[in-house]
Amino acid sequence: MIEIASLPPERWKESRDLRLASLRLEPAAFGSSYEEEVSFDETEWKRRTSNALFALEDGKPVGTITCIFGNHLKTRHVAHIHGVFVDPSRRGRGIGRKMLETVLDQLKNKGDIVKVQLTVNSKRLAAVNLSEPGICHSGTAEERVESRRRISGRIAHGENALI
Ligand SMILES: CC(C)(COP(=O)(O)OP(=O)(O)OC[C@H]1O[C@@H](n2cnc3c(N)ncnc32)[C@H](O)[C@@H]1OP(=O)(O)O)[C@@H](O)C(=O)NCCC(=O)NCCS
């Protein structure tokens with residue numbers, strides 16, 4: 001059974017292993033790289049673990065998604081979704097969709113968030129298909145307002161656009 005949940009910072013090694021696996025297996029999907037992150041220290045992995053949500057299969061993390069918020073007066077209404085990854089052997093079973101919908105549901109309850117940004121590599125069909133119905137309008141940096149969710153979404157499509 002799949003559950004979407006956070007992990008306590010003490011489980012940072014599991015979070016680290018999943019993130020490093022994602023960077024190794026899918027280098028074209030992410031802006032960052034294995035080489036940059038492999039040397040992060042425990043404090044940094046704990047911080048990242050606290051910011052992420054995980055898809056847990058029998059308690060073991062098999063997917064992850066991170067949502068961070070702008071920290072300036074002019075950007076704090078913007079949520080950025082990063083690092084979406086599902087273990088290759090668990091793909092195509094709705095886990096990515098479940099993680100994204102969990103994040104969007106959480107944002108719906110945050111009164112000050114009105115925009116969600118997610119950038120995908122347009123050549124990656126699974127990533128595009130995952131992101132479009134939930135948040136986005138296809139095209140280049142177009143926007144739409146989904147009043148029901150009080151979220152407007154924006155997505156950039158482009159060969160060099162990385163999540
Ligand atoms: C993108 C990713 C997270 C999707 O995870 P997943 O658990 O397989 O996704 P789901 O099973 O929930 O499918 C999500 C949507 O993508 C579609 N999809 C899934 N795999 C697909 C594939 N190989 N080709 C085309 N569409 C695909 C599904 O049909 C689904 O759309 P629907 O809900 O409208 O039917 C996963 O493929 C992955 O980790 N990719 C590598 C990292 C990456 O590209 N991250 C960026 C994501 S924005």
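**Figure 1. Packing of helix 1 against helix 3 in the predicted model.** In this predicted model, helix 1 (residues 12–25) and helix 3 (residues 42–51) pack with their axes 9 Å apart and at an angle of about 85°. Helix 1 is therefore roughly perpendicular to helix 3, since angles of 65 to 115 degrees fall in that category. From helix 1, the residues W12, S15 and R16 take part in the contact, and they meet E42, W45, K46, R48 and T49 of helix 3. Sorted by class, the contact between the two helices comprises four charged, two polar and two nonpolar residues.

**Figure 2. The loop residue D58.** D58 is located in the loop that joins strand 2 (52–57) and strand 3 (60–69). Although D58 is not a glycine, its phi is positive, at about 50°. D58 has 8 other C-beta atoms within 10 Å and is therefore exposed, the limit for this class being 12 or fewer.

Figure 3. The pLDDT remains under 50 across residues 136–152, a segment for which the model has 38 contacts beyond four places in sequence. Residues 154–163 likewise have a pLDDT below 50, and this stretch has 41 contacts in the model beyond near neighbours in sequence. For the protein chain, the mean pLDDT is 81, and 79% of the residues reach 70 or more.

**Figure 4. Secondary structure and contacts of the protein chain as context for the close-up views.** The protein chain contains five helices and seven strands. Along the sequence, these elements follow the pattern β-α-α-α-β-β-β-α-β-α-β-β. Of the 163 residues in the protein chain, 27% are buried. Among contacts with a separation of 6 or more, 61% are between residues 24 or more positions apart.

Methods: Residues are numbered from 1 along each chain as its sequence is written. This is a predicted model: local features need pLDDT of at least 70, side-chain atom pairs count only at pLDDT 80 or more; totals for chains, interfaces and linings use all residues. pLDDT is the predictor's confidence in each residue, from 0 to 100. Two residues are in contact if their C-beta atoms, placed from the backbone, lie within 7 Å. Axes are lines fitted to C-alpha atoms, for helices over the stretch in contact, and angles run from 0 to 180 degrees between N-to-C directions. Helices (H or I, at least four residues) and strands (E, at least two) are DSSP runs, numbered from the N terminus. Angles under 35 degrees count as roughly parallel, over 145 as roughly antiparallel, 65 to 115 as roughly perpendicular and the rest as oblique. Ala, Val, Leu, Ile, Met, Phe, Trp, Tyr, Cys and Pro count as nonpolar, Asp, Glu, Lys and Arg as charged, and the others, Gly among them, as polar. A residue is buried if 20 or more other C-beta atoms lie within 10 Å of its own, exposed if 12 or fewer, and partly exposed in between; C-beta atoms are placed from the backbone.
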